[in-house]
Amino acid sequence: MHAASARPAEPARRTPPAPTAPKPGGTPLAGVIAMVGSGLSNQTGAAIGSLAFPVLGPVGVVAVRQYVAAVVLLAVGRPRLRTFTWGQWWPVVLLALVFGTMNLSLYTAIDRIGLGLAVTLEFLGPLSIALAASRRRVDACCAVIAAAGVVTLMRPRPSADFLGMGLGLLAAGCWASYILLNRTVGRRIPGAAGSAAAAGLSAVLFLPVGVAVAVRHPPTPTAVGCAVAAGVLSSAVPCLADLFTLRRVPAPAFGLFMSVNPVLAGLVGWIVLGQNLDWTEWTGIGAVVAANVLGILAARS
């Protein structure tokens, strides 16, 4: 997942970099292709990472992904850590903690309830931020639609995994916190230096976790390869693709496409992992997506 007022890069779920005006000579088709590639890369990375769960577990896969994300963001942001003041450090520390918790809760939820449902529940985080910032009646309707979708997904049934669903909602709360903290970091630290510092600190916090996992469950080359692929496909590729896209398509169009990520997650989970969803689950996913699309369209009008 989800990039100053939004998530810079992240794994099953990320938030796009700050929107920029489309290039006058930009090619819209190239932007659409980049958006499709970004979404598919993000969800495919999460699916490939889950293939390493039997060996590394969700914790081990997230640890490797944090390392990959740190390498990528530190290379891009190049933060000068010695120049940070306490007023800059404390939101960076909180951002690092939220970043790690968000990915860990999401990947554990994927392990328990599948990719499509986990990503849909996590998507409620940024949707809640958007709806909470408005007092329009249409946004109240969007909230009702999204709530109906959540009730459909979390309805009591014999096969329901409420712990997995709870972890998906925890990931949603972390994503919302990540967006708000990124805004604070973006105001206090220029460029991508703050996000890079947070990614690096999160990777350091996961070092003992990675060592413990490696000692208890010796990794295989295939498992490590899947975990590294998850970091690349869900962090590096989406980050570059989003920067390319936001120069060629308007920000509202980008937001509309981001809304389709839960659907992409469901399709990738079905094709790559064989995780079938019944019609009620697809209805719940559709309701959450529709709530976000309606909110964006209403804002544009």
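# Briefing: an all-helix predicted model

A search of the whole structure turns up four aromatic pairs. Keep in mind that this is a predicted model. Below is a quick tour, starting with the rings and moving on to helix packing, cysteines and a handful of individual residues.

**Aromatic pairs**

- A pair of aromatic rings is described by the distance of the centres and the angle of the planes.
- Phe53 and Tyr107 make an edge-to-face pair, with 6.3 Å centre to centre and 70° between the planes.
- Phe53 sits in helix α2 (residues 53-77) and Tyr107 in helix α3 (residues 86-113), so this pair ties together parts that are 54 residues apart in sequence.
- Both of these residues, Phe53 and Tyr107, are buried.
- Phe123 and Trp175 also pair edge-to-face, at 6.3 Å centre to centre with 75° between the planes.
- Here the link runs between helix α4 (residues 115-132), which holds Phe123, and helix α6 (residues 162-188), which holds Trp175, so parts 52 residues apart in sequence are tied together.
- Are Phe123 and Trp175 buried or exposed? Phe123 is buried, and Trp175 is buried too.

**Whole-chain numbers**

- Of the 301 residues in the chain, 52% are buried.
- The chain's accessible surface comes to about 13000 Å², and 71% of that belongs to carbon and sulfur atoms.

**Helix α7 against helix α8**

- Two packed helices are described by the angle between their axes and the distance between the axes.
- For helix α7 (residues 193-205) and helix α8 (residues 207-216), the axes come within 4 Å and cross at roughly 35°.
- On the α7 side the contact is made by Ala203, Val204 and Leu205, and on the α8 side by Leu207, Pro208 and Val209.

**Cysteines**

- A disulfide is a covalent bond between the sulfur atoms of two cysteines.
- How many disulfides does a search of the whole structure find? The count is zero.
- Take Cys141: the closest cysteine sulfur is in Cys142, 7.0 Å from its own, which is too far for a bond. The cut-off for a disulfide is 2.5 Å between the sulfur atoms.
- Cys141 counts as partly exposed because its relative accessibility is 44%.
- Cys226, at 14% relative accessibility, counts as buried.

**The loop between α2 and α3**

- Arg78 is found in the loop between α2 and α3.
- Arg78 has a positive phi of about 45°, although it is not a glycine.
- With 68% relative accessibility, Arg78 counts as exposed.
- Arg80 lies in the loop between α2 and α3 as well, and its 64% relative accessibility makes it exposed.
- C-alpha to C-alpha, Arg80 is 9.5 Å from Gly194, though the two are 114 residues apart in sequence.

- Ala227 has its place in helix α9.
- Why does Ala227 count as buried? Its relative accessible area is 0%, and the cut-off for buried is under 20%.
- Leaving aside neighbours within four places in sequence, Ala227 is in contact with Leu56, Val61 and Val64.
- Val232 is found in helix α9 (residues 221-245).
- Val232 counts as partly exposed, as its relative accessibility is 34%.
- Not counting residues up to four places away in sequence, Val232 touches Val68, Val237 and Pro238.
- Val232 and Gly45 are 187 residues apart along the chain, and their C-alpha atoms are separated by 7.5 Å.

**Helix α11**

- Ile271 is found in helix α11 (residues 261-273).
- Is Ile271 buried or exposed? Ile271 counts as exposed because its relative accessibility is 62%.
- Ile271 and Ala47 are 224 residues apart along the chain, yet their C-alpha atoms are separated by 9.8 Å.

Technical notes:
Residues numbered from 1 in each chain as written. Predicted model: local features only at pLDDT ≥ 70, side-chain atom pairs only at ≥ 80, totals over all residues. Heavy atoms only, no water. Buried < 20%, exposed > 50% of the residue type's maximum accessible area, 1.4 Å probe, protein only. Areas by Shrake-Rupley, 256 points an atom, 1.4 Å probe, with all protein chains shown as cover. Helix = DSSP H or I, 4+ residues; strand = E, 2+ residues; numbered from the N terminus. Phe/Tyr/Trp six-rings, centres within 6.5 Å; stacked < 30°, edge-to-face > 60°. Axes fitted to C-alpha atoms, helices over the stretch in contact; angles between N-to-C directions. Contact = heavy atoms within 4.5 Å.
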